[in-house]
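Morning, everyone. Please have a look at the structure I am putting up. I will walk you through it in a few minutes.

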Amino acid sequence: MLERDYKELMAQVTPCAALRTQTAERMAEEERKRTAAPRARGTKRLAAAALACVLVAALSLTAVAAAVPGFREMLFGGGRGETSPSTPLTQAGAKLTEIENAAAEHDGFRLEILGAAHDGSSMMVYYTLTDTTGENRLNENAEISPITGQFMELQWNAAENGSGEQSFYSNDILAYDPETGSLLCRYVLDTQHAKDMDLSHTEFAIGAIHLDVQRINWQPLALDESQFTTETMELDGETVLKPGASPLSFDGTETHISAIGFAENRLHVQFAYPENENLDLSLQPIDKVIAPEEVTAAGGNTAKFKRRETEAWRKRQKDGRNSNGDQSHSIWGKQYFFNMENGTPVNASDEEFFAGSYQYQEFEYEISPKEMQYYNFYYFQQSNSGALSYFAEGQDSRNVSSYEFRVSFDLNAANRVEEKTAESLSVDGGTLSSVSVNGMGVTVKGDRELAEKAVITALYNGETVTFSKTITTGIPTSDDITAFERYDGPVTVRYAADRPIDPAELTDFTINGEEIPLS
Amino acid sequence: MNEPLEQAEQVIGRHSDMVYKLAFAQLRNRSDADDVYQEVFLRYVRKAPTFESPEHEKAWFLRVTLNCCKKLWASPWRRHSVPLEESIQADMPENHYLTEELKKLPLKYSAVLHLFYWEDMTVDEISAMLALRPGTVKSRLSRGRELLRKRLKGENDHVGT
């Protein structure tokens, strides 16, 4: 029965004619290019271009190096800057090694590696990214996606194993210097799942830069039913709302909700996106008995929260309608994407073009007028002013050298790992199975709730050091854990110190206010 | 005469549905499936592979489709910016009872189930295709089916109460 039904379902999934046509045209164009450009000639031209780039880069790197702010000095001190910390890392004996002469420039950005280390199961890289164009494209709201060879290997292993949800790395922006347009960043990669991974050398690439990312997390949104429209249109046999005067606008953006109303007894909400903005809006209906802080994830048409029956859930069961299970709250419906051309809606699912001032996205929720009483509505917005990707088209995606903006360097091992075992680590009513400290920071193992919320402090040469969480690993992707559930079992959580530390000099080490003796 | 276009249309004609359905089964939304579909056929042109047999050609397209899907899943920006929950808001045929349950099925089962059910491949063929031991393929098939059945049963129980 399952096989028959699967085939019945899949029979409905076919590529649209426009996709087939467009793909054939792109293939033909690619084939013409391929046969028109002999490989040897192309290679020679590329080599010449590369040489020119190297020369230009060498000249500009020299010029820019002098302008880079004192981030290197902040980290490593050594008397070369005015902002050196009280105990420069290199003098403290920890092995977070200062790295010199590892820099690259691409697309008007300069990448410079300042320091790096590994401890056998994780690696840490401090680097700066500078906009050399003077256009100030970077700020503290940028999001950088670095790629390393080790990360690629981990990702592909995870993909081969069928798991898709481990997070292996974190990338934090630690400081921004507006005068030079520079960011100081820290990259941490957890490699404990890979045995015998070579951490002595890495290729480090900037995979993507997302400029000026702005987010407004879930905020309540009052829907005034007096503004609901009853005007509808037909789009490929479906009913959508007629874009009207904006019933709901948001500060600082032209993106807005252009229409809300009911069609065929279902709630429709229509978003209008102007061509010149890069902003996404989401609306989430959430059952009134669920407090926003109980929602563990939300997006599209579904919110997740811990197992709990809700008024809307009970109502839906009573009505004999499908629910998406009692650990998630699914208001499943449809979504439509269209342009308006001469007063008529035209499906825009397959083509990305603007025919008018706005493009429209309409969500249809399985909520009737009578059921509105059960829901509160929340909105989320995210924008960026541009996303720059440095993956070279057509290259092997398994290889970090496929990224155009990269540098390679050696990592020395951080030493002096201090470790305590489970018996002595009862903290805050729970138990941590281990805590280890080295020059890169603190690694805590234990149940997720305790391990992820650990407040760690210590004294280092008389000054208070604080630690911030970077990565959680160890969340299984077993049969019973899906995106719809939260795992609360044992995990490994890494915390980075707010400065380079020598663990031998650390005193008064506490977790959640309780002193932990280090030996 | 537009020979490259005709050749492209012939290749697409042979593998279009197979590539698209597999991409869709893996990625669970049309937008991503569209991207992978184009990427697979463009790779065919760029690599210009030669095939020993129609089976070899079919296996190449299936393998490349799976690789492209993995590449999309592994994309750093996707992993960082799109919550998994959001990425599985598929626009699969909504009226089918299997739709919701397939979206919740861990990815490692969906590839095996799709190749077995839709492509009618044997365990040994899937084993060769995915570089997995036959025992692993069998257990994933069995576990995937069991998961689906269990969830479907649970769903029916809810509706009936």
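I will start with confidence, then go through chain B, the cores, the aromatic rings and a few places in chain A.

First, keep in mind that this is a predicted model. Its scores are ipTM 0.84 and pTM 0.56. For chain B, the mean pLDDT is 74, and 73% of the residues reach at least 70.

Over residues 75-92 of chain B, pLDDT stays under 50. The model still gives that stretch 57 contacts beyond four places in sequence. Residues 156-161 of chain B are also below 50, with seven contacts beyond near neighbours in sequence. Why the caution? Where pLDDT is low, the coordinates of a prediction should not be read in detail.

Now the make-up of chain B. How many helices and strands does chain B have? Nine helices and zero strands. Reading from the N terminus, the order is simply α-α-α-α-α-α-α-α-α. Chain B has 161 residues, and 57% of them are buried. Take its contacts with a separation of 6 or more: 65% of those join residues 24 or more positions apart.

On to the cores. The largest nonpolar core holds 55 residues. Which of them touch the most other members? Met27(A), Phe41(B), Phe61(B), Leu115(B) and Leu130(B). Notice that the list names residues of chain A and chain B. Helix α1(B) is the top contributor to this core, with 12 residues. Look at Leu130(B) for a moment. Beyond four places in sequence, Leu130(B) touches Arg63(B), Leu66(B), Val112(B) and Leu115(B). There is also a second, separate core, with 41 residues. Its members include Ile113(A), Ile147(A), Phe151(A) and Tyr169(A).

Staying with contacts between the chains, find Glu31(A). Glu31(A) sits in helix α2(A), residues 17-36. Is Glu31(A) buried or exposed? Its relative accessible area is 18%, under the 20% cut-off, so Glu31(A) counts as buried. Setting aside neighbours within four places in sequence, Glu31(A) contacts Pro4(B) and Val45(B).

Next, the rings. Over all chains, the whole structure has 25 aromatic pairs. One of them is Phe228(A) with Phe262(A). A ring pair is described by the distance of its centres and the angle of its planes. For Phe228(A) and Phe262(A), the centres are 5.7 Å apart and the planes are at 45°, so the pair is tilted. Where are the two residues? Phe228(A) is in the loop between β9(A) and β10(A), while Phe262(A) is in strand β13(A), residues 256-263. So this pair ties together parts that are 34 residues apart in sequence. Phe228(A) is buried, at 15% relative accessibility.

Ring pairs join Tyr20(B), Phe24(B), Tyr37(B), Phe41(B), Tyr44(B), Phe51(B), Trp60(B) and Phe61(B). Two of these names, Phe41(B) and Phe61(B), came up in the largest core. Back in chain A, a charge meets a ring: Arg137(A) lies over the face of Phe109(A), 3.9 Å from the ring centre.

Last, some strands and loops of chain A. Strands β10(A), residues 232-235, and β11(A), residues 238-241, run antiparallel. Four bridges join them. Thr232(A) stands opposite Leu241(A).

Glu264(A) is exposed, with a relative accessible area of 68%.

One more loop to finish. Gly474(A) falls between β31(A) and β32(A). Gly474(A) is partly exposed, at 31%. Its C-alpha atom is 9.5 Å from that of Arg448(A), 26 residues away along the chain.

That is the tour. Questions, please.

Technical notes. Residues are numbered from 1 along each chain as its sequence is written. Chains are lettered from A and ligands numbered from 1 in the order in which they are written. This is a predicted model: local features need pLDDT of at least 70, side-chain atom pairs count only at pLDDT 80 or more; totals for chains, interfaces and linings use all residues. Side-chain values use heavy atoms; hydrogens and water are left out. Two strands pair if DSSP finds at least two bridges between them. Helices (H or I, at least four residues) and strands (E, at least two) are DSSP runs, numbered from the N terminus. Buried means under 20% relative accessible area, exposed over 50%, partly exposed in between (1.4 Å probe, protein chains only). Rings of Phe, Tyr and Trp (its six-membered ring) pair if their centres lie within 6.5 Å; planes under 30 degrees apart count as stacked, over 60 as edge-to-face and the rest as tilted. A charge sits over a ring if NZ of Lys or CZ of Arg is within 6 Å of the ring centre and within 35 degrees of the ring normal. pLDDT is the predictor's confidence in each residue, from 0 to 100. Contact means heavy atoms within 4.5 Å. A nonpolar core is a set of buried Ala, Val, Leu, Ile, Met, Phe, Trp, Tyr and Cys residues joined through side-chain atoms within 4.5 Å.
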